[in-house]
Amino acid sequence: MSDLTKRYDFALLFDVQDGNPNGDPDAGNLPRIDAETGMGLVTDVCLKRKVRNYVQLSGKDIFIKEKAVLNTLISNAYEEQKIDLTKDPVDLKDGKKRNKDGTAQGGEVEKGRSYMCSRYYDIRTFGAVMSTGANAGQVRGPIQITFARSVEPVVALEHSITRMAVTTEADAEKQSGDNRTMGRKYTVPYGLYCSHGFVSAHLANQTGFSAEDLKLFWEALQNMFEHDRSAARGMMSTRGLYVFEHSTALGNAPAHKLFERIKVERKPESESPARSFEDYTVTIDESGLDGVTLHKMLC
């Protein structure tokens, strides 16, 4: 069981300067852009990857990590817990054994599912499909994150770059020793992005996601870019983290109504294309938040 008893909704503001926040492999790694509006996009998967990396650096184990073989991790967990799936027929949809009336009951798969949630931070946080090999069922995570969308349209720039080296002797002979290799690099001059997220106390109770886990999650959102630096990503920073805490698990207001209270607008004196966070103002309507508390964790 989790010690979370309240619902949370949050808005995350972050920006990029002279970098590619999330390349699209289907478009030659160009920055993701909404083709109809020109707004920049960053996927939820990209943001969760950065959270996972930060959590792993903090000392917690994660399931979706670099070079991991997921089915092997599931099988190893089953061996450690001495779980024998052959004696426990299950429903493949949710990994639970069924009574004659169709209701679910605990069993070997449920035992494996619980163990995976307790061992791996990202499973009990974001959920996972663990029925691809030794069936550990499926987990719906208590934290869900939307795509991030830029506040204004962004421009994707293409830069030619030169490497003063080649990879093979054959390439060197073709260039008579000139040894130059041309390439491309794509950047967004500047973009301010906003993503939204949701924390369910009910789903936290199913995965064992705790108040301590939530504290680490807030910490990760504020600091994840500090440990994800690369030349390709330019300068990325978290600019705002606004958390709406409800007084109950069911919540006291619709999430979209709370998010509409946050306004990100250009400063009147900023007429040229935005090139820094200083070109914007963030205002929040805090009136009439009955049963909801706003926490400005970073602003």
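Two strands count as paired if DSSP finds at least two bridges between them. Strands themselves are DSSP runs (E, at least two residues), numbered from the N terminus. The model is predicted, so local features need pLDDT of at least 70 and side-chain atom pairs count only at pLDDT 80 or more, while totals for chains, interfaces and linings use all residues. Residues are numbered from 1 along each chain as its sequence is written, and side-chain values use heavy atoms, without hydrogens and water.

**View 1. Strand 12 and strand 11 pair in the antiparallel sense.** Seven bridges join strand 11 (residues 157-163) to strand 12. Serine 160 stands opposite arginine 184 in strand 12.

**View 2. Strand 1 and strand 10 also pair with strand 12.** Strand 1 (residues 8-19) is antiparallel to strand 12 (residues 181-199) over 11 bridges; here glutamine 17 has tyrosine 190 as its bridge partner. Strand 10 (residues 148-153) is joined to strand 12 by two bridges, again antiparallel, and serine 150 has tyrosine 193 as its bridge partner.

**View 3. Isoleucine 143 lies in strand 9.** Strand 9 (residues 143-145) pairs with strand 12 in the antiparallel sense over three bridges, with glutamine 144 opposite phenylalanine 198. Isoleucine 143 is buried, at a relative accessible area of 1% (buried means under 20%, exposed over 50% and partly exposed in between, with a 1.4 Å probe and protein chains only). Beyond its neighbours within four places in sequence, the contacts of isoleucine 143 include Thr125, Phe126, Phe198 and Phe217 (contact means heavy atoms within 4.5 Å).

**View 4. The largest pocket has a volume of about 250 Å³.** On a 1 Å grid over the protein atoms alone, a pocket is an open set of points where a 1.4 Å probe fits, with protein on both sides within 12 Å along at least five of seven lines; lining residues have an atom within 4 Å of a point. The lining of this largest pocket includes Ala11, Ser150, Cys194 and Phe259. Two or more lining residues come from each of strand 10, strand 12 and strand 14 (262-266), and strand 10 gives the largest share, three residues.

**View 5. The second largest pocket holds about 180 Å³ of space.** Of its 15 lining residues, the closest to the centre are Pro153, Val154, Tyr190, Ala274 and Arg275. Strand 10 and strand 12 are the elements that give two or more residues to this lining.

How values were computed
Helix = DSSP H or I, 4+ residues; strand = E, 2+ residues; numbered from the N terminus. Points joined across faces, edges and corners; volume = space filled by probe spheres on them.
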